[in-house]
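Please keep the model open while reading.

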Amino acid sequence: FHERICFRAPKNCTYWIIRKDSGCSSVQGFKRNPIRSSYALLWKEVANPYRSIITIRNTLRRILEHYFEVICGNNLHTMVDGFVEDRDTSISNFMSWINDGSHGLGGEEYTEPNPQAIKYYLDVFKNIFTKSGQITHYNMMMKNNENNE
C-alpha cells in the first residue's frame, strides 16, 4: 500500500507518521518520505561519515549481494573473479574482508579496522561498481544519502 501511494504522490505533498506510546498518540510531519527500504538504509549507512566501523563489512556485503545478485541476476563472486585487479584496490582482499565471519555464530576474536582501512575498502567497494559498469547506480545511491537525516 505504502509503495503504491507514494509512487504516485505529487512532488509537493507532505508525509505524516502517527505513533502511539503509552496510550498517547503523536503526529510528526515530514517534507520527504521518511519510510525507506532496508536496501536504502544500508546505503544511508555507507554514506554516513559517522558510520559504524563494527558493522560496515556486513553492510557492504549486503549491498553488493542484493544489488548484483538479486537486482542484476549475477553471481557476485563469479563477476568479481573476472575483474582485472588494480594494484591499489585489491578486490579479492576486499571480498575476503567482507565475507570473513559474515555467517558465523560469533565468538571469534575480532579487531576493529582503522579508519584508513575503512576508506581503502570503501574505495574498493566503489571500484566494483565502476568495473561492473554500474557506477551510475553507486553515484545515485550515494547522492540520495548525502544529507543524512
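1. Basis. This is a predicted model, in which local features need pLDDT of at least 70, side-chain atom pairs count only at pLDDT 80 or more, and totals for chains, interfaces and linings use all residues. Residues are numbered from 1 along each chain as its sequence is written, and side-chain values use heavy atoms, with hydrogens and water left out.

2. Layout. The chain has 7 helices and 2 strands. Helices (H or I, at least four residues) and strands (E, at least two) are DSSP runs, numbered from the N terminus. Along the sequence the pattern reads α-β-β-α-α-α-α-α-α.

3. Burial and contacts. Of the 149 residues, 31% count as buried. Buried means under 20% relative accessible area, exposed over 50%, and partly exposed in between (1.4 Å probe, protein chains only). Take the contacts between residues at least 6 apart in sequence: 62% of them join residues at least 24 apart. A contact here means heavy atoms within 4.5 Å.

4. Helix α5. This helix spans residues 91-99, and I91, F94, M95, W97 and I98 are buried in it. Seen down the axis of α5, these buried residues fall within an arc of 160°, so they line one face of the helix. The arc is that of the directions from the helix axis to the C-beta atoms. The buried residues of α5 pack against α3 (56-71), α4 (76-81) and α6 (115-131).

5. Helix α7. H137, Y138, M141 and M142 are buried in α7. Down the axis of α7, its buried residues fall within an arc of 125°, so they line one face of the helix. T136 and K143, on the other side of α7, are exposed. The cover over the buried residues of α7 includes α2, α3 and α6.

6. How do α2 and α7 cross? The axes of α2 (residues 38-47) and α7 (residues 135-144) come within 9 Å and cross at roughly 80°. Axes are lines fitted to C-alpha atoms, for helices over the stretch in contact, and angles run from 0 to 180 degrees between N-to-C directions. The two helices α2 and α7 are therefore roughly perpendicular (65 to 115 degrees; under 35 is roughly parallel, over 145 roughly antiparallel, the rest oblique).

7. The α2-α7 contact. Y39, A40, W43, V46 and A47 in α2 meet H137, Y138, M141 and M142 in α7. The contact residues divide into 8 nonpolar, 1 polar and no charged. Ala, Val, Leu, Ile, Met, Phe, Trp, Tyr, Cys and Pro count as nonpolar, Asp, Glu, Lys and Arg as charged, and the others, Gly among them, as polar.

8. Aromatic pairs. The whole structure holds 14 aromatic pairs. Rings of Phe, Tyr and Trp (its six-membered ring) pair if their centres lie within 6.5 Å; planes under 30 degrees apart count as stacked, over 60 as edge-to-face and the rest as tilted. Y39 and W43 have ring centres 6.3 Å apart and planes at 80°, so the pair is edge-to-face. Both Y39 and W43 are buried. Y39, W43, Y67, F68, F125, F129 and Y138 form one aromatic cluster.

9. Loop residue S22. S22 is found in the loop between β1 (15-21) and β2 (24-30). S22 has a positive phi of about 55°, although it is not a glycine. S22 is exposed, with a relative accessible area of 72%.
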